[in-house]
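Reader: Could you walk me through a new model, feature by feature, and show me how to read each one?

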Amino acid sequence: MKKLVLSLASMALPLGAAAEDFSANSEAKSWNLFAEQPARFEAKVVDILCELSGDCPDNCGDGKRQLGLLRAADGVLVYPNKNSQAAFTGAAVELAPYCQADVEVDGLMIEDPDLGAKNVYLIQKIRNVGDADWVKANTWTKKWAAAHPEAKGKGPWFRRDPRVKAKIEANGYLGLGLETDEKFIAEWFSE
């Protein structure tokens with residue numbers, strides 16, 4: 001419990017580094033998102049659930065956990081929300097090979113108190129601390145296609161993803177059951 005409280009506090013209250021400027025030397029490309037700021041920093045790649053609860057499976061959960069960045073400068077747990085691709089996906093896939101490694105990342109930070117956004121990060125490049133070459137964080141689509149060869153086709157990936165299809169088939173588009181979906185669709189989309 002103590003670890004959970006300390007972790008939550010570190011997410012909410014940076015440890016003495018509230019004014020630190022992480023935009024120095026960042027080469028992140030703008031996405032023209034509200035409240036985005038370039039941010040480059042060193043961090044340890046961690047399993048967020050492990051950090052918050054102490055439930056720590058091997059290898060950061062083998063791709064089944066959301067990964068985070070424990071920033072070296074101030075101990076703040078940063079939430080990588082997406083990679084550098086247009087789809088809002090892929091941050092955990094990009095970070096998985098670096099589980100528990102000390103890395104340097106470059107991307108965009110979104111913080112806005114009115115939105116409640118704090119330490120939300122869009123990762124564009126990653127490298128192990130001390131490495132010269134960056135790795136672009138843009139591999140999610142290829143890794144998804146390799147994991148789901150049966151989902152080849154045109155259109156957005158999520159319409160072809162067998163996991164998404166199974167959830168819709170079991171619980172409907174709204175997640176409230178097929179009967180609720182049927183009523184909703186009839187009420188909102190029929191003439």
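What follows is a conversation about the fold, the disulfides, the backbone, a few residues and a pocket.

Author: Happy to! Please keep in mind throughout that this is a predicted model.

Reader: What share of the contacts join residues at least 24 apart?

Author: To read this, set aside the contacts between sequence neighbours. Among contacts between residues at least 6 apart in sequence, 58% join residues at least 24 apart.

Reader: Next, the cysteines. How many disulfides does the count come to?

Author: The test is the distance between two cysteine sulfur atoms, which must be within 2.5 Å. By that rule there are 2 disulfides. Cys50 and Cys56 make one of them, with their sulfur atoms 2.0 Å apart. Cys60 and Cys99 make another, with an S to S distance of 2.1 Å.

Reader: Which hand does the link of Cys50 and Cys56 have?

Author: Look at the torsion about the S-S bond. For Cys50 and Cys56 it is 85°, and the link is right-handed. The torsion for Cys60 and Cys99 is about 85°, so that disulfide is right-handed. Cys60 sits in the loop between helix H2 (48–53) and strand E2 (67–71), and Cys99 in the loop between helix H3 (91–95) and strand E4 (102–112), so this pair ties together parts that are 39 residues apart in sequence.

Reader: Are these cysteines buried or exposed?

Author: Compare the relative accessibility with the cut-offs: under 20% is buried, over 50% is exposed, and in between is partly exposed. Cys50 counts as buried because its value is 10%, while Cys56, at 38%, counts as partly exposed. Cys60 and Cys99 are both buried. If you number the bonded cysteines in sequence order, the pairing reads 1-2, 3-4.

Reader: Let's turn to the backbone. What is phi of Asn32?

Author: Asn32 is not a glycine, yet its phi is positive, near 55°. Asn32 lies in the loop between helix H1 (2–12) and strand E1 (36–47). It counts as exposed because its relative accessibility is 72%. Ala35 also has a positive phi, about 70°, although it is not a glycine. The loop between H1 and E1 holds Ala35 as well, but Ala35 counts as partly exposed, at 24% relative accessibility.

Reader: Could you take one strand residue and one loop residue too? Which residues does Glu42 touch?

Author: Glu42 is in strand E1 and is partly exposed, with a relative accessible area of 41%. Leaving out residues up to four places away in sequence, Glu42 touches Arg71, Ala72, Val103, Glu104 and Val129. For the loop case, take Val76, which lies between E2 and E3. Val76 counts as buried because its relative accessibility is 0%.

Reader: Finally, the largest pocket. What is its volume, and which residues lie nearest its centre?

Author: Read the volume first, and then ask who lines the space. The volume of the largest pocket is about 610 Å³. The lining has 27 residues, and those nearest the centre are Gly63, Ala92, Val93, Trp140 and Arg163.

Reader: Which element gives the largest share of that lining?

Author: That is H4, with 4 residues. Strand E3 (77–82), H3, helix H4 (140–147) and helix H6 (162–171) each supply at least two residues of the lining.

Conventions
Residues are numbered from 1 along each chain as its sequence is written. This is a predicted model: local features need pLDDT of at least 70, side-chain atom pairs count only at pLDDT 80 or more; totals for chains, interfaces and linings use all residues. Side-chain values use heavy atoms; hydrogens and water are left out. Buried means under 20% relative accessible area, exposed over 50%, partly exposed in between (1.4 Å probe, protein chains only). On a 1 Å grid over the protein atoms alone, a cavity is a set of points where a 1.4 Å probe fits but cannot get out, and a pocket is an open set with protein on both sides within 12 Å along at least five of seven lines; lining residues have an atom within 4 Å of a point. Grid points are joined across faces, edges and corners, and a volume is the space filled by probe spheres set on the points. Contact means heavy atoms within 4.5 Å.
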